[in-house]
Protein chains: 2
Amino acid sequence: MNSQQKRSRPSMADVAALANVSVGTVSRHLTGRGYVGADARQRIQSAVDELGYRPNLVARNLRTQTTNTIGVLSMGPLDFGSSSVLSGLDDASRQAGYGLITAQLPHDLDDPRAPAEIERAAGRLLAHQVDGIVLASPYPGFEDLWDELLNTIPFVTLSNHPRQEVGATYVDSYAAGRLATEHLVDLGHRAILHVRGPRNLHESSDRERGYRDVVDAAGIDAQVTVPCEDWSSTSGYRIGRLPIEGRWTAAFCANDAIALGFQHAMYERGLSAGRDYSVIAIDDMPDAAHFHPPLTTVALDHLELGRSAFRMILEHLRTGSPAANTVIEPALVRRESAVPPA
Amino acid sequence: MNSQQKRSRPSMADVAALANVSVGTVSRHLTGRGYVGADARQRIQSAVDELGYRPNLVARNLRTQTTNTIGVLSMGPLDFGSSSVLSGLDDASRQAGYGLITAQLPHDLDDPRAPAEIERAAGRLLAHQVDGIVLASPYPGFEDLWDELLNTIPFVTLSNHPRQEVGATYVDSYAAGRLATEHLVDLGHRAILHVRGPRNLHESSDRERGYRDVVDAAGIDAQVTVPCEDWSSTSGYRIGRLPIEGRWTAAFCANDAIALGFQHAMYERGLSAGRDYSVIAIDDMPDAAHFHPPLTTVALDHLELGRSAFRMILEHLRTGSPAANTVIEPALVRRESAVPPA
DNA sequence: TGCTATTGTGTGATCGATTACACACTCTGT
DNA sequence: ACAGAGTGTGTAATCGATCACACAATAGCA
């Protein structure tokens with residue numbers, strides 16, 4: 001009978017008994033809905049303090065049919081971008097009183113089992129009755145999921161190629177590609193290599209498209225490497241080791257990490273960025289300011305991306321209809337790796 | 001009455017109605033506990049498929065008094081180490097059928113409101129009825145939390161100064177400090193600077209202790225900088241900009257990022273690592289292999305740390321008593337930043 | 001003096017699952 | 001033919017909250 005004996009956590013019934021009121025009254029006091037007398041308040045509060053009572057959210061969630069929780073799908077292990085997005089989501093959600101339940105997906109882009117895996121992970125989030133889902137990593141093959149989810153619960157993707165006019169927040173990768181390339185052109189470069197990001201990803205192709213448009217407009221021949229395997233510095237290094245045909249004086253790398261690896265490979269060939277050639281990239285991770293040389297890059301505000309995603313979920317929850325897409329603008333950060341050609 | 005009308009998700013009652021059995025039978029089929037006839041199984045399964053039924057974990061959790069969920073507290077925004085730990089946790093937990101609910105704490109180490117903040121976050125996890133909690137970032141002042149939690153639910157800290165023989169998993173920072181310093185001594189260095197990590201953190205002081213012990217044994221004077229503000233490259237850069245008294249031929253930096261920033265500052269003074277002086281650090285983040293020069297460092301397996309933490313929680317859950325501490329050994333990774341003195 | 005509003009409290013249905021229990025039926029083996 | 005084991009299924013209590021509803025008591029006001 002006495003739940004104290006079982007050393008389980010005290011329930012509202014225990015508080016009610018101690019304060020000599022009914023559970024209904026305790027609930028009204030705790031939720032702030034309905035009338036509760038001053039003396040009852042008093043007694044309930046001290047009972048709560050004495051027992052160290054904490055409301056059981058599982059029970060509350062069952063009754064209220066809402067969990068104040070949102071689910072996040074990202075690819076793991078987390079790289080700089082994904083973990084920043086997660087931090088932004090956590091920040092915004094915690095302040096709004098929401099919790100985050102996360103699931104990381106293996107990111108073998110080519111693994112045929114991947115779609116099933118993502119489906120399973122999403123299913124688990126749904127089973128947990130999350131109030132909304134954020135797909136934090138753009139993922140080829142998530143499209144099927146999209147339609148099913150869109151009509152079920154608030155859903156936001158960070159893909160920059162949303163299939164509808166709603167439910168996405170992303171940085172303008174095309175603009176970022178343009179920004180980077182334009183900077184090199186402005187510096188006077190006429191032979192610009194693009195070290196391309198992973199294939200199948202809209203982010204990569206948008207960046208490339210930005211590059212191509214600028215380069216075409218300037219009457220320069222486009223030179224694009226084979227796609228990197230992933231966004232890592234090791235991928236950039238591998239590309240740098242490959243024979244590169246044609247001459248070039250500047251390289252636009254798909255992101256900072258790739259640029260780092262690419263520069264490493266170039267050093268092995270005796271070429272120093274910021275002296276023998278120029279490099280520009282995209283991301284502006286914290287370390288980029290201390291690369292050798294400090295990396296000129298296009299900053300993407302991943303934290304804001306996460307916050308924005310949460311805000312959209314919240315708006316959907318409050319208004320009942322999906323929030324309009326939010327596009328985040330990239331910004332050029334001039335440092336020392338991009339200089340005029342020799 | 002008909003919950004289909006409300007377009008809410010189908011419940012077990014809907015499945016039972018469609019399959020023409022009672023909810024008890026549906027439950028038995030789904031949980032695999034108890035007898036269910038072959039034809040009933042058949043009908044239930046097709047009802048499940050037809051309705052797209054998913055069990056409501058909130059209801060299940062309330063009834064079973066277990067959520068198959070663990071809470072993770074880390075400091076945000078996530079740096080390389082923390083996000084790797086999180087990935088390790090996610091990996092291990094997802095495979096075991098557990099979910100992760102995360103909360104990131106602001107890491108102003110000196111902010112007096114910090115302990116209250118961590119308390120609130122932990123309280124929220126408790127309210128969510130998580131089955132266990134992992135404190136993924138060592139945090140000065142979490143000690144008070146410790147005692148309360150230890151006796152409440154399975155709790156694992158990643159602190160390398162556990163207060164007990166149980167409930168902690170961590171890398172041996174002292175050994176890492178020794179490993180790094182020994183390598184420099186072995187290379188022939190006799191004047192070694194230690195760029196110290198953030199104060200108040202056991203990890204920092206353990207690394208320093210490892211350094212001091214090795215240096216003392218070799219009859220070398222210890223030279224230690226003021227502590228960095230945090231683990232970032234910018235901190236390392238700031239230290240590097242400070243006037244450094246005394247001569248030294250090699251620097252042991254508290255982690256990779258700090259080393260990167262420190263080298264940046266040294267370049268500004270015309271000094272190149274791997275040529276004019278040596279650098280060694282701790283972490284082995286993926287980019288370190290592509291620093292200029294590739295960084296010699298002591299690898300810490302953060303992913304394994306996360307997995308280990310989850311395993312300990314699981315063991316506690318299964319056996320009913322806390323798992324013994326797990327220590328992870330660091331490993332030297334030789335690259336090009338540490339060379340014999342000129 | 002009544003009559004309505006406001007305030008305060010208890011009761012019981014409910015959310016969607018799990019599971020103990022009761023009951024029925026089918027086989028065995030004696 | 002009957003006891004007992006093994007199957008298969010329905011009923012109802014339960015987990016811990018929220019909240020609609022009923023009902024008192026008090027206050028204000030004609």
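**View 1. Contact between chains A and B in the predicted model.** Chain B contributes 46 residues to the contact, and chain A contributes 46 residues. On the side of chain B that touches chain A, the elements giving two or more residues are α4, α5 (80-95), β2 (99-106), α6 (114-127), α10 (233-241) and α11 (256-268) of chain B. Of these, α5(B) gives the most, with seven residues. The class make-up of this side of chain B is 19 nonpolar, 21 polar and six charged residues.

**View 2. Strand pairing between β2(A) and β2(B).** Strand β2 (residues 99-106) of chain A pairs with β2(B) in the antiparallel sense, over three bridges. Ile101(A) has Ile101(B) as its bridge partner in β2(B).

**View 3. Surroundings of DNA strand C.** DNA strand C is surrounded by 30 residues, the closest being Gly24(A), Gly37(A), Ser11(B), Met12(B) and Ala59(B). Two or more residues of the surface near DNA strand C come from each of α2 (23-31) and α4 (57-64) of chain A and α2 (23-31) and α4 (57-64) of chain B. The largest share, six residues, belongs to α2(B). Sorted by class, the surface near DNA strand C holds 12 nonpolar, 12 polar and six charged residues.

View 4. In the model, the chain over residues 10-64 of chain A is 71% helix and 0% strand. The end C-alpha atoms of residues 10-64 of chain A are 21 Å apart.

**View 5. Strand β6(A) and its partners β8(A) and β7(A).** β6(A) pairs with strand β8 (residues 250-253) of chain A in the parallel sense over four bridges, and Leu193(A) stands opposite Ala251(A) in β8(A). β6(A) also runs parallel to strand β7 (residues 223-224) of chain A, to which two bridges join β6(A); here His194(A) stands opposite Val224(A) in β7(A). In a regular strand, side chains alternate between the two faces of the sheet. From strand β6 (residues 192-195) of chain A, Ile192(A) and His194(A) point one way, while Leu193(A) and Val195(A) point the other way, and all are buried.

**View 6. The largest nonpolar core.** This core has 152 residues. Those with the most contacts inside the core are Ile133(A), Val134(A), Cys253(A), Ile258(A), Val134(B), Cys253(B) and Ile258(B). Leaving aside neighbours within four places in sequence, Ile258(B) is in contact with Val195(B), Cys228(B), Trp231(B), Ser233(B), Ser235(B), Gly236(B), Cys253(B) and Ala281(B). In soluble globular proteins, nonpolar side chains tend to be buried together.

Terms used
Residues are numbered from 1 along each chain as its sequence is written. Chains are lettered from A and ligands numbered from 1 in the order in which they are written. This is a predicted model: local features need pLDDT of at least 70, side-chain atom pairs count only at pLDDT 80 or more; totals for chains, interfaces and linings use all residues. A residue is near a molecule or strand if its C-beta atom, placed from the backbone, lies within 6 Å of it. Ala, Val, Leu, Ile, Met, Phe, Trp, Tyr, Cys and Pro count as nonpolar, Asp, Glu, Lys and Arg as charged, and the others, Gly among them, as polar. A nonpolar core is a set of buried Ala, Val, Leu, Ile, Met, Phe, Trp, Tyr and Cys residues joined through C-beta atoms within 7 Å. A residue is buried if 20 or more other C-beta atoms lie within 10 Å of its own, exposed if 12 or fewer, and partly exposed in between; C-beta atoms are placed from the backbone. Two residues are in contact if their C-beta atoms, placed from the backbone, lie within 7 Å. Two strands pair if DSSP finds at least two bridges between them.
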